[in-house]
Amino acid sequence: MPPAAAAEQPSSDALSLRVPEPHGRPGDAPAFAGLLNSRAGNVRRPPVDAPARGMEDLAASLIRVLDDDGQAVGPWCPDLSDPELLAGLGDMLKVRAFDSRMLMAQRQGKTSFYMQCTGEEAVACAFQRTMRPGDMNFPTYRQQGLLITAGYPLLDMMCQVLSNSRDPLKGRQLPVMYSARTHGFFSISGNLGTQFIQAVGWSMASAIKGGTAIAAAWVGDGSTAESDFHSALVFASTYRSPVVLNIVNNQWAISTFQGIARGDGPTFAARGVGFGIPALLVDGNDFLAVYAAAAWATERARRNLGPTLIEHFTYRSAAHSTSDDPAVYRPKAEHEAWPLGDPIERLKTHLILKGIWSEAQHTQAVDEIESEVLGLQKQAESFGTLRDGPPLSPREMFLDVYHEMPPHLQRQRQQAGF
């Protein structure tokens, strides 16, 4: 046998690589056995000024407040008033209604693209309630709940999605990439990892200037594999910047499950431990748990106690985007088997149990919100849609980039006739 052929023979010492596999693929039954490692109310809550060293267990234990019956239990149970709880439910209902109408608009060809946050509404809506005027979120395209909870006009959001003549960003961003400085919502970047380093830098600038505003950064589980994520943690840890670093682990990137980005690490939250940053693992479908963790972390930031990393453990029920078909990469109806339930249903159950809400009130509220959103959509479409126009003037592309337009752009604009 020639020497070269002998070298190709299999050997018991041959090296190989492991490729992680998800719980299931199309055709498999959904499988989430053993996913929950903590009972509601069982995870300890350290003092806000506790040192990071000694709270490593919180990166591996799921903070939950609402139990299976809808009772709020344990040390993380937040002190929210009844009106605040009802407002939180209203915010989530509005986000879901907005998503539904904009998805339908995309299917009707009125816009090019849309991304829902179905199943993740509690993450943004609860977190935003801990932010103050002047603070800044550096979000992804799935945190529309931050804007809606902050009171940003739905009409303006719709006009941007439709890319019409009233689009606040004048057609210069993708439909879901909002930007609203006045509402603490930094411009979204399609390369999401950049949000982490920008948020850390913004928060450092706030501290350097002697300000009081803090920042919150947002990425999905997939973006934690980018170098920007790790660079941001180095700076946040070194300078103890006043920032909250949020990872929304919704189990799936587009076709890729979260295990590819996580590797052999136990959780994404555990990555904060190596940087000496306090890290929390939170039930992202529990409005009360998200609020409690966010309040704890934002207070640390405001008291100059440094950054906190939060992993919001949730599930993306909808497709990744209107260009995605999750049926080709995950089990059918897997979202219905998610053991942490639906965030709206869980808070509704809790409010009914408290005696401040009812099924009849809920049905009426859903109808009223859907009617309000539909009315706003008709108003937004009166300013045009991507399909029907009128198109924005090419003149817009030359504006709002430089304080004073440089000569070469002035010439290009004149040559273009605008």
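**Aromatic contacts in close-up**

**View 1. Aromatic cluster of four residues.** One aromatic cluster is formed by Phe 32, Phe 313, Tyr 315 and Trp 338. The model is predicted, with local features requiring pLDDT of at least 70 and side-chain atom pairs pLDDT 80 or more, while totals for chains, interfaces and linings use all residues. Residues are numbered from 1 along each chain as its sequence is written, and side-chain values use heavy atoms, without hydrogens and water. Rings of Phe, Tyr and Trp (its six-membered ring) pair if their centres lie within 6.5 Å; planes under 30 degrees apart are stacked, over 60 edge-to-face, and the rest tilted. The count by this rule is 13 aromatic pairs.

**View 2. The pair Phe 138 and Trp 202.** The ring centres of Phe 138 and Trp 202 are 6.3 Å apart and the planes stand at 65°, so the pair is edge-to-face. Phe 138 belongs to strand β2 (residues 136–138) and Trp 202 to helix α6 (residues 194–208), 64 residues apart. Helices (H or I, at least four residues) and strands (E, at least two) are DSSP runs, numbered from the N terminus. Phe 138 is buried at a relative accessible area of 1%, whereas Trp 202, at 25%, is partly exposed (buried is under 20%, exposed over 50%, partly exposed in between; 1.4 Å probe, protein chains only).

**View 3. Arginine over aromatic rings.** Arg 45 lies over the face of Trp 76, 5.4 Å from the ring centre. The charged end of Arg 166 is placed over the ring of Phe 383, at 5.4 Å from its centre. The criterion is NZ of Lys or CZ of Arg within 6 Å of the ring centre and within 35 degrees of the ring normal.
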